[in-house]
Number of protein chains: 2
Amino acid sequence: MAELLIKRLCIVGVGLIGGSLARALREAGVVTEIIGTGRNIENLKKAVALGVIDSYEEDLARAVKGADVVVVAVPLGAMEAVFKTIAPHLDEHAILTDVGSAKGSVVKAAENAFGSLPVNLVPGHPIAGTEQSGVEASFAELYNERRIIITPTSVSDAQAIARVRAMWEACGAEVVEMNVEHHDEVLAATSHLPHMLAYTLVDTLARMDDSQEIFDYAAGGFRDFTRIASSDPQMWNDICLANHDALVVMLERFSADLKDLSNAVQRNDGDYLKEMFTRAKQARDAFCNK
Amino acid sequence: MAELLIKRLCIVGVGLIGGSLARALREAGVVTEIIGTGRNIENLKKAVALGVIDSYEEDLARAVKGADVVVVAVPLGAMEAVFKTIAPHLDEHAILTDVGSAKGSVVKAAENAFGSLPVNLVPGHPIAGTEQSGVEASFAELYNERRIIITPTSVSDAQAIARVRAMWEACGAEVVEMNVEHHDEVLAATSHLPHMLAYTLVDTLARMDDSQEIFDYAAGGFRDFTRIASSDPQMWNDICLANHDALVVMLERFSADLKDLSNAVQRNDGDYLKEMFTRAKQARDAFCNK
């Protein structure tokens with residue numbers, strides 16, 4: 001772990017994800033100094049008060065100066081603007097990573113901002129989080145035994161990859177590598193599509209005439225099913241726009257399958273229903289009992 | 001509670017729902033004798049061994065004889081056959097209720113079986129359950145502080161309604177009355193539609209080429225979201241067929257809304273997305289913080 005030691009870590013966007021990373025790295029004793037930056041000064045002051053960061057710097061360009069590792073933990077929609085602002089000010093050897101839920105858009109944003117892909121850029125995505133947001137919700141154990149997907153680009157430097165990997169491993173996470181396109185397809189399937197379904201279901205019901213009564217009779221299963229519809233709307237707007245292509249494919253695939261099911265219900269096709277429910281239950285039980 | 005005392009309770013189908021009712025009524029001290037009946041003798045023997053019922057009777061017609069309360073807790077698809085078998089053998093004053101997740105089909109089954117609706121029939125539906133099934137999974141607290149919807153018919157006798165209400169209240173439940181059609185609409189929205197979405201999502205993903213890897217990267221949100229896809233396929237087949245009309249309406253409504261969302265994603269309409277996600281989050285948070 002000795003070679004990991006981060007002298008000056010700059011976290012751009014000190015919320016649940018950035019804040020938890022700061023806490024975990026500090027607890028692991030692998031970072032000397034943590035500078036926070038972001039648009040919300042009150043939030044940065046809170047992060048200092050909570051001991052999550054050592055200090056904050058309002059000016060993004062100044063914040064990244066002298067940092068050996070820069071983690072960009074801002075919404076996907078703000079990624080390119082952040083890259084553009086920091087590009088001229090990053091140290092030559094500074095390692096740059098992010099925590100965005102879609103990776104193709106981050107790579108494109110970096111290309112646009114830097115002119116060409118920086119060799120020290122190693123995009124990443126922690127498969128962790130809660131429905132909470134903000135630095136108050138951050139905690140050091142968030143990444144413990146969770147998966148982090150890193151998606152090195154074709155030009156990512158081997159040492160930079162190793163450093164980003166070691167950073168997340170110091171937080172107790174399991175790090176896996178995936179290519180950018182595959183990451184975006186997998187996440188569209190397991191996370192982005194389910195969020196679209198949960199948001200749509202709640203909205204469909206909320207717009208019904210007797211919505212209040214309908215929600216009154218919703219039981220525990222409904223609560224679990226719709227939990228993800230309490231996630232941050234701005235973040236999910238950004239994810240939809242950023243992972244547009246893969247999400248559209250999954251929405252179309254799901255809609256076609258739901259249409260098939262609706263048709264089976266319509267024609268009272270018990271054979272179809274039993275077979276499909278059984279197949280789904282088996283897949284779900286197998287996935288959950290691992 | 002004195003007037004509730006059930007002298008001889010007959011439970012047709014001693015599984016999670018019927019077994020938990022037996023346990024709760026016994027614990028409340030409001031029942032003298034509990035007879036179980038059903039198709040699976042091994043299960044009935046287990047129910048006796050577990051102390052859930054006092055004895056079992058293989059023959060359905062004999063089982064209901066002399067019972068002052070008969071609770072039919074069989075799958076919706078078996079309801080009419082059970083009603084037909086017991087119709088000639090029920091005591092004149094015996095109260096008849098059920099626990100089916102759809103109510104229109106139960107009323108129709110009773111009409112078919114009895115010739116006309118019995119005045120002592122008070123259909124019911126406990127909004128409680130787990131993804132488990134079988135008498136081993138039953139427990140006395142299942143209905144504690146849960147809602148029970150009873151749907152008296154136009155001919156239901158006032159005293160019969162009061163007895164069924166008192167029975168569930170003795171289990172710690174809150175009993176509400178609703179008309180049959182409204183029950184079926186509310187349940188289609190809050191339970192039947194979400195189950196269809198969870199089953200379809202899991203099946204859509206399971207049939208993808210890289211399904212194993214896709215499930216590997218599914219995080220906690222996905223697990224919660226798909227929990228209900230582990231429910232019993234036969235039971236859900238029955239529910240789809242039984243609540244056909246209301247479910248078809250909800251499937252169409254949801255599909256139209258999902259299509260609108262897909263179109264918004266397709267054209268990168270951030271205004272639409274943010275507005276919809278915000279509306280859904282507010283509805284969900286309001287519903288959950290009650």
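A: Begin with the pairing criterion: two strands count as paired if DSSP finds at least two bridges between them. Note also that the model is predicted.

Q: How many bridges join β6 to β7 in chain B?

A: Three bridges link β6(B), residues 124–126, with β7(B), residues 147–150, and the two strands run antiparallel. Within this pairing, Ile149(B) of β7(B) lies opposite His125(B).

Q: In which sense, parallel or antiparallel, do β7(B) and β8(B) pair?

A: They pair in the parallel sense, over four bridges, with β8(B) spanning residues 174–177. Glu174(B) in β8(B) is the bridge partner of Arg147(B).

Q: Which handedness does the β-α-β unit of chain B have?

A: Handedness is judged with the strands pointing away from the viewer: a clockwise path from the first strand over the helix to the second is right-handed. Here β7(B), helix α6(B) (residues 158–170) and β8(B) form a right-handed unit.

Q: How many residues of each chain are in contact with the other?

A: In chain A, 70 residues contact 70 residues of chain B. On the side of chain A that touches chain B, α7(A) provides the largest share, 16 residues. By class, that side comprises 40 nonpolar, 16 polar and 14 charged residues.

Q: What confidence does the predictor assign to chain A and to the complex?

A: Where pLDDT is low, predicted coordinates should not be read in detail. Chain A has a mean pLDDT of 95, and 98% of its residues reach 70 or more. For the complex, the ipTM is 0.90 and the pTM is 0.90.

How values were computed. Residues numbered from 1 in each chain as written. Chains lettered and ligands numbered in written order. Predicted model: local features only at pLDDT ≥ 70, side-chain atom pairs only at ≥ 80, totals over all residues. pLDDT = per-residue confidence, 0-100. Contact = placed C-beta atoms within 7 Å. Nonpolar A, V, L, I, M, F, W, Y, C, P; charged D, E, K, R; others polar.
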